[in-house]
Amino acid sequence: MRSLRVPALVAGVVLLSSAAGITWTSTQSASDAAAAQNTELRTAAANTEVLISEEFERAGAIGLLSAQDATYRDFFNAPGTTAAKVTDDITSRQQIVDLLVYGQSLFPGSIARSGLVDAQSGQEVAEVVAGLPSPPITLEPNADKKLPFFGDVMSLPTGWLYQSTPYFSKETSEWVIANGTTVPGDGEARGVLYFELTMNALR
């Protein structure tokens, strides 16, 4: 009987050792897989952060450059009140609409809405939603009170860009981030130029 116990004991030890080895191998493999996945996620997150940052910088640069276009000053320098010029749909207002439509074409699917508001009267001069201009009759006479970022943009020095925290836009039914700057003229801000980047586009 003793001679049978020794081989059995040896076999048991071998089996335990093998089980321990298999367990260690499985645990190590799982650990390696988790580490590899974490590395991939960190890389993807870093790349996404760079892309979003570049998107904001590009959008901001285009907004600041666009605000310097003489078309905006031509509109504000034209005779008559802003409300009357909007109602009459004068040539410079139509040119502003063209600029806004073109700006949205630079960010296909990214800009939900863009527009221009008179900084002094609050009258909405132009608005483009998803590439489509809003008719003059639908433009708000007190847009300054309805744009959540208007005061923040006006508080900045001329030539600065404001980027808001995300908010829900009732006009587009999307979560957006507003980018806004002032249109200079005669040493003061004449208008607020803005565009809303969609959160879906950033994702």
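Glu127 is buried, with a relative accessible area of 10%; buried means under 20% relative accessible area, exposed over 50%, and partly exposed in between (1.4 Å probe, protein chains only). This residue lies in strand β2. Here helices (H or I, at least four residues) and strands (E, at least two) are DSSP runs, numbered from the N terminus. This is a predicted model, in which local features need pLDDT of at least 70 and side-chain atom pairs count only at pLDDT 80 or more, while totals for chains, interfaces and linings use all residues. Residues are numbered from 1 along each chain as its sequence is written, and side-chain values use heavy atoms, leaving out hydrogens and water.

What does the side chain of Glu127 make polar contacts with? The table lists two partners, Arg113 and Ser134. A polar contact is a pair of N or O atoms within 3.5 Å; within protein, one must be able to donate a hydrogen and the other to accept it, and residues adjacent in sequence count only if both atoms are side-chain atoms.

| Side chain | Partner side chain and distance |
|---|---|
| Glu127 | Arg113, 3.0 Å |
| Glu127 | Ser134, 2.6 Å |

Leaving aside neighbours within four places in sequence, Glu127 is also in contact (heavy atoms within 4.5 Å) with residues including Leu100, Leu139, Glu171 and Tyr194.

Let us move on to strand β1, residues 111-118. Eight of its eight residues are buried. On one hand, β1 runs antiparallel to β7 (residues 188-198), joined by seven bridges; Val117 has Val192 as its bridge partner in β7. On the other, five bridges join β1 to β2, again antiparallel, and Leu116 is partnered with Ala126 in β2. Two strands count as paired if DSSP finds at least two bridges between them. The hairpin of β1 and β2 has five residues between the strands, and there Gly122 takes a positive phi near 85 degrees.

Is Thr172 buried or exposed? Thr172 is buried, with a relative accessible area of 16%. You will find Thr172 in the loop between β5 (167-169) and β6 (174-185). Thr172 and Arg113 are 59 residues apart in sequence, with 7.4 Å from C-alpha to C-alpha. Not counting residues up to four places away in sequence, Thr172 touches Ala112, Arg113, Val129 and Glu196.

Now for the cores. In soluble globular proteins, nonpolar side chains tend to be buried together. A nonpolar core is a set of buried Ala, Val, Leu, Ile, Met, Phe, Trp, Tyr and Cys residues joined through side-chain atoms within 4.5 Å. In this model the largest such core has 15 residues, and Tyr72, Ile96, Leu100, Leu116 and Leu193 have the most contacts inside it. At least two residues of this core come from each of α2 (70-77), α4 (91-105) and β2 (124-129). A second, separate core has 13 residues, including Leu147, Val153, Tyr162 and Val176.

In α2, the buried residues are Thr71, Tyr72, Phe75 and Phe76. They lie on the same side of α2 because they cover an arc of only 135 degrees around the axis, taken from the directions from the helix axis to the C-beta atoms.

Finally, the whole protein: its secondary structure comes to six helices and seven strands. Of its 203 residues, 35% count as buried. Among contacts between residues at least 6 apart in sequence, 56% join residues at least 24 apart.
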